Amino acid sequence: MSPRDEFQVLLRRIGRWWAVDVPSLDLHTQSRTLEGAEDLARGMVAEAVGVPAEVIVLKMVVPELAPVLGPVAEARQRRAAAVAAEDEAIAAAAHELVDKLHVSQGDAARLLGLPTSEVAHFTPGRGSAATDTRRGARPRTFGPAPSPPRPVVAAPASGSHPGLPRRQRQAPSPARPAWATSDDGTAGRG
C-alpha cells in the first residue's frame, strides 16, 4: 500500500450512534461521535493493511446527508478556484507593475489593495540586500540617517527641582477614559 491510498468510510446515523463501514476491507464498527468514528476507522484500516495509522488517508462519506453537505462542498470548490484565479491575477499584475512598468512595490501594493509584504512575495525586490550577493554589501536605507539614541537621564526626586510641580498628575483610571480628566486632575472634558 502506498501512503496515498485512500479508503472510503461510509457513515450512517443509528439513533445517537454512527455506524462506521469500510466496504473495501469489509470492516464495521460504531462510534458516538464523528471524531471517534474517524479514529476507529483509521485504526481498523491500519491494522488490516499493516501500516502506521498516520499514513492512512480516509474519505469520510455520509450518503444520507449528501443533499445537505453537497452544496457546501461545491461552494468550497468554487471558492478555492476563485482564490486560485485571484492569486494568479495578482501575481501577473504585480509582475507587470513592478518588473515591467517599474512601479515601486509600495505603490503596486496600494494599487492592488494589498500589504507591501504580499506584493514583495510575488515580485523579488530589485537591488535589495536579500538579493545583493556582493561581499560586505549593506542593506540600503532611504530617508534621513537615524539619530543616535538619547542619553537616559534620571529624573530628580519629586519637589527637588524648582521647575517641577509638587503635585504630579495622576493617570486616569481604567473606568474613566483619558479625555474625561482635565490637565489639573479634575473631572471634565479637557
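## Hairpins

Strands E1 and E2 form a hairpin with 2 residues between them, and Gly 15 in its turn has a positive phi of about 65 degrees. This description rests on a predicted model. E1 and E2 run antiparallel and are joined by 5 bridges. One of the paired positions is Ile 14, whose bridge partner in E2 is Trp 17.

A hairpin is also formed by E2 and E3, with 4 residues between the strands. Asp 26, in the turn of this hairpin, has a positive phi of about 55 degrees. Strand E2 covers residues 17-22 and pairs with E3 in the antiparallel sense over 5 bridges. Across this pairing, Trp 18 stands opposite Ser 31 in E3, and Val 22 stands opposite Leu 27 in E3.

## The sheet

The open sheet is built from 4 strands in the order E3-E2-E1-E4, with mixed pairing. The edges are held by strand E3 (27-31) and strand E4 (57-61); each has a single partner strand, so one side of each is left without a neighbour in the sheet. On average, neighbouring strands of the sheet are turned by 25 degrees against each other, direction ignored.

Helix H1, residues 34-49, packs on this sheet and touches strand E1 (6-14) as well as E2, E3 and E4. The direction of H1 makes about 155 degrees with that of E3.

The parallel part of the pairing lies between E1 and E4, which are joined by 5 bridges. Within this pair, Glu 6 has Val 57 of E4 as its bridge partner.

## Packing of H2 and H3

Two packed helices are described by the angle between their axes and the distance between the axes. For helix H2 (residues 66-100) and helix H3 (residues 105-112), the angle is about 140 degrees and the axes are 10 Å apart. That angle makes H2 oblique to H3. The crossing of H2 and H3 is right-handed.

On the H2 side, the contact is made by Ile 90, Ala 93, Ala 94, Leu 97 and Val 98. H3 contributes Gln 105, Ala 108, Leu 111 and Leu 112. By class, the contact of H2 with H3 has 8 nonpolar residues, 1 polar residue and no charged residues.

## Confidence

The protein averages a pLDDT of 76, and 63% of the residues score at least 70. Confidence is highest in E2, at 97, and lowest in helix H4 (residues 116-122), where the mean is 87.

Over residues 127-148 the pLDDT is below 50. Where pLDDT is low, the predicted coordinates should not be read in detail.

Methods: Residues numbered from 1 in each chain as written. Predicted model: local features only at pLDDT ≥ 70, side-chain atom pairs only at ≥ 80, totals over all residues. Heavy atoms only, no water. Axes fitted to C-alpha atoms, helices over the stretch in contact; angles between N-to-C directions. Parallel < 35°, antiparallel > 145°, perpendicular 65-115°, else oblique. Left-handed = near helix turned anticlockwise from the far one by under 90°. Contact = heavy atoms within 4.5 Å. Nonpolar A, V, L, I, M, F, W, Y, C, P; charged D, E, K, R; others polar. Pairing = 2+ DSSP bridges. pLDDT = per-residue confidence, 0-100.
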